[in-house]
Every structure is written in C-alpha cells, then in structure tokens.
Amino acid sequence: MKISKLEYKQRINSIKERLKKDKLDTLIISEEEDIYYLTGLTYKSLERLFLLIITESEVSFIVPKMELAHLKKVDHVDVIKSYWEYPAQEPERWNDILLEIVKDSKLIGIGAKTPFEILAFLNSVNLNIVENSILEEQRWIKSNTEIELIKQASRCCDISIKKLNKNAYFGMSELEVFSIGRSIQQKVIKETPFDYLATNILVAAWPSRISYQPHGIPKVSDVLVDGSHISLAFLRVNGYSAELERTFFTSKPTKKQEEAFELMMEARRRSYAVLKAGVIAEDVDLAARQFLIEQGFKENLMHRTGHGIGLGNHEGPYLAEGDKTVLKEKMVVSIEPGIYIEGVGGFRHSDTVLITKNGYEILTNCPDDINSLTFTNLKPIQKLKGNIIKKMYGI
C-alpha cells in the first residue's frame, strides 16, 4: 500500500490552485515531511537544504550536488537544479540558485517552520515574503489511502502494546520493553514495502519512577515495580504515524491511583463526547481540561488534550486552548488528557482517532479499563527470560 503517482500530482495541483486564491506567485517548501508529502521522496537533509519551489506554471527542486546521482528525475517536478555544497562560495550556493528562480516573484509564501537562514536571505535581497499555511492545512485532511496507511501504523501500535501487556510483570526491565520495538520493526520489514528513512519505531514504558513527568527519560536500568506506568507505542511506518499509550500497573493500585485513573478516564469521555466535524479544536481540550480543573487538578495538568497525526507524530490541528481550527472529516488526532501527581503517578491514555462526519473512529484498539491494565500474575517464563537479560546487562 502506498500513495499513487496520481495522488502526488493532485496534491501539487491543489497547491497551485491555492496560490491563485491567496494571490501568491511562489511557495517555497523546505521541511522534509512537506517535500515527502508532495513527492514521496525520502532523504535526510542534515545541514544541506532541499528546496521545492512551486509556482502556477512550474515546480522546481534545489538539491545538493551529491544527491543528483539518485535524483535525476522526480515525478511531477519540472526542473531539478543543484548547488555545490554547504557552505559554498557565490555563485555555487543554494542561495544563488533560489534567487535565480524567485527573483521576479512579487509575493512569496513560506511555511511557519521555514529555517531562519532562508527567511534572512529572502529579506536580504528585498523580496516580499509572507507566512502561509496552504500546505499545512492541506495535510490536515487525509485521503483514503493516507487513512489506510495510518490504520496500518495503528495496527502496529496495537500489536506493540498488546505484546507489552501480555508480558508485563512486577520487576520487568525497560530493556524487555525496548525489545518489543525491535520485533515490530522486523515485522514492518517483512510485511510492508519498508522505507527505513520514513520509519521510526519507539516502544517504551515510563516507569512509576517518572510517570508523573510526561517527558521524563526512562533508563535502561529501570524496572516496573509499584505504582502507575505509562506504555508508549510512538510509530511512523513507511511515512505515516500513529500512537497508542496506556496507564498500567504491575502491582495492585492504591486508592489514590484508582481515583486518579478514573478521573483521567472521565476526562477522556468528555473529550470524545465533543469530538466531531464542525467542532472548534480548543473545545475538545476544554471539555477535559475544565472538568479536571473543577476536580482540583489544575496544578497537575501539563499538556493539551491532543494533536494532529499524519506524516508527523505531532502536527496540527492542536486540541489545545487557543487553537480555533474548525475540525473536519478525515482529520486524524490523538486524545490524551493526563493527570500528573508526584508521589502518586502519571495517568494518561492516548489513542489515534479519525474524525468522521458525525463523530469519530478510534483507530488504535487496546483495553483501557483499570482491571485489564493491572498485571499481577507471576508470569514465571517471562520473569526467567527477564532475569537472563538483566544479568547480561548488569541490571
């Protein structure tokens, strides 16, 4: 399953139509994901810029000279030009080639994440530029093929977390959790047209030690003991992303942990009750946030309720107070309100969710109730394997 050449062409044509509407002569695209979206080309730019320039009449591509060997032709790109190196001397810089292409443009659009050096150069030669979200907004609405690719990534998330749940036990090491990610990558390699530059597999568990820190860093030496843990499958599979998170326990949760878990679940229910096409993005966030504030957890909230998912694991629209985007059918978002209490734990589930005309479809599929996510069985075989791994790595 992959995006067809026709769909890439349609995406570029849609951009050209929007140029007319927004009265732009030119759109300059520099982000890897954006160029991938329009061409299907995977690469790692590092410090060497790749620039896609779209006008109503032509699509030009500026690449480092070292890339020409495999980029002599790119579908739906009319002109490919190369610069010598980064850095380079005039007239062999990317700047010189870009100026040659856009020098007669009256108004140039750039994305909000365009590197400052591009912006600074365009200003230095007195060209008129304006921030424009044409491409960002186009990416928010997924095609049928994109939805199928996100569903494929979602199934990999399901397999990851179900495997973790099956093997979870008191004393499980983070290394054992990491090994699940390796098995998922092997599955993707065997069963799909694998693109390693467009695939990232992260399967981990935030142990109780840091589960109240949503962006804390697990250590290889961490083990899952008392308290709430948060499992994570954060995947990009052949270009398209999905995520799945679950709060789980490897010993009986305390009363305070049970209460926090159920309040998190109620916040999720309230967000889902609002979620559908036509709703303003921030209203989904406020449905969860206001409830948790009313319950006395204002100081225990650390992030928005969700974000868009597509080529990027995190992209717009954002289910956050301040985002006035009207949600539309075929957008894909996460739903993940969380509560974080030092000394008690972190409590967050996350799912990948497709917005439909009258509601939503949850694309990730894993139990979310506290009984299904409490693992107190001894699991002697898993524990024996885990002990061997711990000895090997001195844990």
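## The largest cavity

Helix H9 (residues 281-294) provides 4 residues to the lining of the largest cavity, the largest share from any element. Helices here are DSSP runs of H or I with at least four residues, strands are E runs of at least two, and both are numbered from the N terminus. This is a predicted model, in which local features need pLDDT of at least 70 and side-chain atom pairs need 80 or more, while totals for chains, interfaces and linings use all residues. Residues are numbered from 1 along each chain as its sequence is written, and side-chain values use heavy atoms, leaving out hydrogens and water.

There is 1 cavity of 30 Å³ or more, and the largest holds about 60 Å³ of space. Its lining is made by Asp285, Ala288, Arg289, Leu292, Leu301, His303, Arg304, Thr305, Pro337 and Gly338. On a 1 Å grid over the protein atoms alone, a cavity is a set of points where a 1.4 Å probe fits but cannot get out; a pocket is an open set with protein on both sides within 12 Å along at least five of seven lines, and lining residues have an atom within 4 Å of a point. Points are joined across faces, edges and corners, and a volume is the space filled by probe spheres set on them.

## The largest pocket

Now for the open space. The largest pocket has a volume of about 440 Å³. It is lined by 23 residues, and those closest to its centre are Glu31, Asp34, Lys113, Glu136 and Arg139. Strand S1, helix H2, helix H5 (134-140) and strand S13 (315-319) each give two or more residues to this lining. H5 contributes the most, with 4 residues.

Follow the strands across and you will find an open sheet of 6, in the order S4-S3-S2-S1-S5-S6, with mixed pairing. Strand S4 (79-83) and strand S6 (129-131) form the edges, each pairing on one side only. Two strands pair if DSSP finds at least two bridges between them. Strand S2 (residues 51-55) and strand S3 (residues 59-64) are antiparallel partners over 4 bridges, and Leu51 stands opposite Ile62 in S3.

Helix H2 (residues 32-39) packs on the sheet and touches strand S1 (26-29), S2 and S3; contact means heavy atoms within 4.5 Å. In helix H3 (residues 94-102), the buried residues are Trp94, Asn95, Asp96, Ile97, Leu98 and Val102. Their cover includes S1, S2, S3 and S4, together with strand S5 (108-110) and helix H4 (116-124). Buried means under 20% relative accessible area, exposed over 50%, and partly exposed in between (1.4 Å probe, protein chains only).

## Places to look at in the loops and backbone

Two prolines deserve a look. Glu90 and Pro91 are joined by a cis peptide bond with omega about 10 degrees, and Pro91 sits in the loop between S4 and H3. A cis peptide bond also joins Gly316 and Pro317, with omega about -5 degrees; Pro317 belongs to strand S13.

Two lysines have a positive phi. Lys23, in the loop between helix H1 (5-21) and S1, has phi near 60 degrees and is exposed, at 71% relative accessible area. For Lys330 phi is near 80 degrees; this residue lies in the loop between S13 and strand S14 (332-335) and counts as partly exposed at 28%.

Val220 is in the loop between strand S8 (200-206) and strand S9 (223-224). Leaving aside residues up to four places away in sequence, Val220 touches Glu174, Leu175, Phe178 and Ile395. Val220 is partly exposed, with a relative accessible area of 43%.

Key: Axes are lines fitted to C-alpha atoms, for helices over the stretch in contact, and angles run from 0 to 180 degrees between N-to-C directions.
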